[in-house]
Amino acid sequence: MKHQQDLATYNFAYLDEQTKRMIRRAILKAIAIPGYQVPFASREMPMPYGWGTGGVQVTASVLGPDDTLKVIDQGADDTTNAVSIRAFFQKVANVAVTTQTGKATIIQTRHRIPEEPLSENQVLVYQVPIPEPLRFLEPRETETRKMHALEEYGLMHVKLYEDIARNGHIATTYAYPVKVMGRYVMDPSPTPKFDNPKMHQCAALQLFGAGREKRIYAIPPYTQVVSLDFEDHPFEVQAFDEPCALCAASGVYLDEVVLDDRGGRMFVCSDTDFCEKRRESGHVGAMSGQSGETVQ
Amino acid sequence: MYVAVKGGEAAIDNAHRLLADRRRGDRSVPAMQIEQIIEQLGLAVDRVMSEGSLYDRELAALAFKQARGDMIEAIFILRAYRTTLPRFGYSEPVDSGTMQIERRISATYKDLPGGQLLGPTFDYTHRLLDPGLMGDEAVGTPPRREAGDRQAPRVSDILAHEGLIENDSDLPDDHPAGDLTREPLEFPMARDVRLQALSRGDEGFLLALGYSTQRGFARSHPFAGEIRIGEVEVEIDVPELGFSVCLGRIQVTECQMVNQFQGSSKSPPQFTRGYGLVFGQSERKAMAMSLVDRSLRASELGEDITAPAQDEEFVISHADNVQATGFVEHLKLPHYVDFQAELDLVRRMRAEFLASQAGDDVADNGVEAAQ
């Protein structure tokens, strides 16, 4: 499937078809064993390791000419790395791109899950820095693989218990471990734990790519995803004291924007598309002026 | 708009234009030609080829120029190109015994068949700045002589005649060589894949690890059995022809460390080997690689694992500078979503801490902490 025009030297979506086939096989295996980390022969990509190479390889392998791609970083479409990855796929695959969650067929993300519920004909591709949820408890891959094989997750529960013993609550706020279909403990990538419930019974296929660590894993649609907790210390998500200052949304994840050096700040939606849509349909927040200038 | 990152697209474009400007520098100074880099900065080109795992001087020089002389950036650019190339097949093992030698030294024998050849080395130069190089001073032609047909057998082969050194490898002849660019890394690794990883590993990292073994962290009593630099033929087997054909010649540096070994429950007392092979001329890298190769053979030889240089997972997982630089530098990407989650937690924990300090006076402190 060579792309015509001036891209004769690179295949559609950059990767050669053999590589895509290898990655698709890894993805199929990952879907078959939800939450299990499948090793794959990750390629060097033209962007640095740690900057989304795993997500980019997964996206490149599932992307077709008719897809519509959305790329977000920190929930926003216009953060520099999201811009860069979107531009990459426009260049090497010439696909349609969008910032609207509802219109995208593939959404590549770093650190957030969109606020708008996803549908069955969407794929959410996560960029993953450290795929191993047990890595900071046990640095050796040889050991952690064994622990997963034996379903030996006691260490993780001890860690969470120690958090409670020391602080009164679990001190993990992002990359909060989940258990998938009652079997594998999985790292949801460094999304805030606020987003964890969105993974549970999600209609969309969720794919996770870790390029540097050479792992792919997946959550098929409508799969049970449970955040680890204890009966007497149930899992809970962050709650914000005030709604979004621009669109007045509550129950969404907010970014804190520092306005001056005297403690002035505002809280706004981290999901920029969600926020813009709400403002278009007439929602007005406390600090939403007619133009940007009034905010300053 | 309120967010500073708005307009990221234009900002990226402008940043890249500024980068191109800085790369070119003062326009009144002639632009550097690729040939100049290949000819006059050859060792930089060699390192880019070696750690970029692609033998092409022209492309390596281009990457070096494009990277403004940043080694790891150049290696990265070359790797990202290499990964898109199709694989036609795997070459036959190169025979370094038939190398067209430019430099060959042994620290274990005073003289040996084939002789010692110093070649183009910095060794024994005095590191005094040379004002002559400020300009374009003429350089004389070095004396040369005909190579003749003197054979230069490998020092390890000389030792092997007496059975004093272990065999080259325990891998069977029909063992298909692994390919770490095509298969996922898994631990423990076979030595062939480990050597591939070391050969493209970061020179500085391997140098430090090799050095650590000399200072007692997994001491391996090494002798530089032989270092040779020169050209070898690369042959590929063509099934249709029934014989292998030569694809061309490449320059490599090979180092064979000879290490003292007391013997263990698994092996008799004999010398053991550490092996280093890299593209181009890079003695430091080849030597460091052979020290680390030897130290990583600890479990194979039944030695106690006590030091970082013996720990395969530690060494191989962190030797690749393209991976390392990517992950270290990714810290400059925005992390404000996660940071927000941490801010929230720290504020909450501080509030609880202050409340517990104040005892009954909870309400006041709660308000204070919330501000």
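Author: Let us begin with one residue pair: B:R103 stands opposite B:I229 in β2(B). This is a predicted model, in which local features need pLDDT of at least 70, side-chain atom pairs count only at pLDDT 80 or more, and totals for chains, interfaces and linings use all residues. Residues are numbered from 1 along each chain as its sequence is written, while chains are lettered from A and ligands numbered from 1 in the order in which they are written.

Reader: In which sense do β1(B) and strand β2 of chain B pair, and over how many bridges?

Author: Strands of a sheet pair through backbone hydrogen bonds, either parallel or antiparallel. Strands here are DSSP runs of E with at least two residues, and helices are runs of H or I with at least four, both numbered from the N terminus; two strands pair if DSSP finds at least two bridges between them. β1(B) and β2(B) (residues 222-238) pair in the antiparallel sense, over five bridges.

Reader: Which strands are at the edges of that sheet in chain B?

Author: The open, antiparallel sheet has four strands in the order β1-β2-β3-β4 (chain B), and its edge strands are β1 (100-105) and β4 (272-279), each pairing on one side only.

Reader: What is the order of the seven strands in chain A?

Author: The order is β1-β9-β8-β5-β4-β2-β3 in an open sheet with mixed pairing, where β1 (38-39) and β3 (96-97) of chain A are the edge strands. Strand β2 (residues 68-73) of chain A runs parallel to β3(A), joined by two bridges, and A:T68 stands opposite A:A96 in β3(A).
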